[in-house]
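Student: I have the model open beside the sequence. Could we walk through it together, beginning with the ligand?

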Amino acid sequence: MTHYNFDEIIERRGTDCFKWDALPAMYGHDDLTPMWVADMDFRSPDFVMEALRRRCEHEVLGYTMPSKAYWQATTAWLDKHYYIQTTKETLHFIPGIVAGIAYTLLCLTQPGDRVLVTTPVYPPFLNLPRESGRTLVCSPLKIENGRFAIDFDDFARKAEGCKLFILSNPHNPAGTVWGEAVLRRIADICENKGLLVVSDEIHADLTLSPHRHVSYSTVSEAAARHSLTFMAPSKTFNIAGLGSSVCHIANPELRKRFFGWLDALGVAGGNIFAFTAAEAAFAHGEEWLQQMLEYLKTNAETLATFLKEQMPRVKVVLPEASYLAWLDFSDYGLSHKELSDRLINRAKVALNDGTTFGGDAYACCFRMNLGCPRSVLLDALQRIEAALR
Ligand SMILES: Cc1ncc(COP(=O)(O)O)c(C=O)c1O
């Protein structure tokens, strides 16, 4: 058995990585601990790097296509981890999930159509409908027993007249695992009111035990009929910079329409490194993933213990999947500006600003990325505690 070391501190500055090298542009400083954009400071797996190196030994990088081995590794992984029956025919490569949602809006909705999301949510879910001239409809989540919950009365009311619901499954922020009953209820409402559903399952592989991911299209016939599911190895194996995702559609008519559009866009050819990395990750990734998930789980527990003991005024929604915790500092009675100032200028930590996940209702909230060595996490938490003391 290989023992992977997630405690290792790897210098990422100077690699044009967004998380570290965009700090001056995004936060006005370059000396912050970046706990914002959702990638991890861990080394990408050795078997992925080896596959990429091997491919580079052949020095012609012309147009490419997904290989049989890529489809085999992908379908086997999805069957095992998502409990979802896929075949090469039900899947289509997409270069990224944000792009996939944009393609969906353009292909399956019209300007002015209403698009439903549940807030707080991953900012592109808000920006894509707005920027494409659709009408954004937000149903705020509730917090029940320290986790996000859908307010179904509000959701059902808002779903009326909408064309599409964009579901984050698990939910970003906080990786809330929705579970079968909740997903079935969403499916019933969306079917009754005639909505299509995009289920973005990019964080599904990062589901932390004892939680279990349920893929949306598997919960009912209606869900399978009216949904598009987006999945990727990018968060799972920390290869987001390669742009490698897939779309699964069970409904043959919807598939024909959407995959036809993707082919017209010319995205099926993907890119050489995306296919090579995804195939290696899916074929050999089990052991690495299990060790990494244990590490993330302990990071989440470390955060929970620290907050309980040192900062009990912070309300937290802990990750059930992923490494994205949601922190609510409203108990400190500080304004958004004061909180941001203390976190950035005193604690020297870059968190995601809660307002970008759904507006002023989240002015005292911040998303924290725990995908880093534990020593970095603890150091940042101590600085946050001191800055708010
Ligand atoms: C819910 C969710 N969807 C999509 C993405 C981005 O996916 P991609 O890089 O494939 O566009 C992220 C990245 O943080 C995410 O959290």
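Predicted model: local features only at pLDDT ≥ 70, side-chain atom pairs only at ≥ 80, totals over all residues.

Student: OK, how many residues surround the ligand, and which are the closest?

Tutor: The ligand is surrounded by 13 residues, and the closest are Ala-38, Gly-96, Ile-97, Val-98 and Asn-172. By class, that shell has seven nonpolar, five polar and one charged residues, where Ala, Val, Leu, Ile, Met, Phe, Trp, Tyr, Cys and Pro count as nonpolar, Asp, Glu, Lys and Arg as charged, and the others, Gly among them, as polar.

Student: Switching topic, what does the domain assignment give?

Tutor: The assignment, which is automatic or from a database, gives domain 1 (18-45 + 287-388) and domain 2 (60-284). Their C-alpha centres lie 25 Å apart, and 28 residues of domain 1 are in contact with 34 residues of domain 2, contact being C-beta atoms, placed from the backbone, within 7 Å.

Student: And which element gives the most to the domain 1 side?

Tutor: Helix 12 does, with five residues on the side of domain 1 that touches domain 2; helices (H or I, at least four residues) and strands (E, at least two) are DSSP runs, numbered from the N terminus. By class, this side of domain 1 has 19 nonpolar, five polar and four charged residues.

Student: What about helix 12 and helix 14, at what angle do their axes cross?

Tutor: The axes of helix 12 (residues 286-310) and helix 14 (residues 374-388) cross at roughly 20 degrees and come within 11 Å, with axes fitted to C-alpha atoms over the stretch in contact and angles running from 0 to 180 degrees between N-to-C directions. Helix 12 is therefore roughly parallel to helix 14, a label for angles under 35 degrees. Residues making this contact include Asn-299 and Phe-306 of helix 12 and Arg-374 and Leu-381 of helix 14.

Student: Then how do helix 5 and helix 6 pack?

Tutor: Helix 5 (residues 97-108) and helix 6 (residues 124-131) pack at about 35 degrees, with their axes 10 Å apart. Val-98, Ile-101, Ala-102 and Leu-105 of helix 5 meet Pro-124, Leu-128 and Pro-129 of helix 6, a contact with seven nonpolar, no polar and no charged residues.

Key:
Residues numbered from 1 in each chain as written. Parallel < 35°, antiparallel > 145°, perpendicular 65-115°, else oblique. Contact = placed C-beta atoms within 7 Å. Near = placed C-beta within 6 Å.
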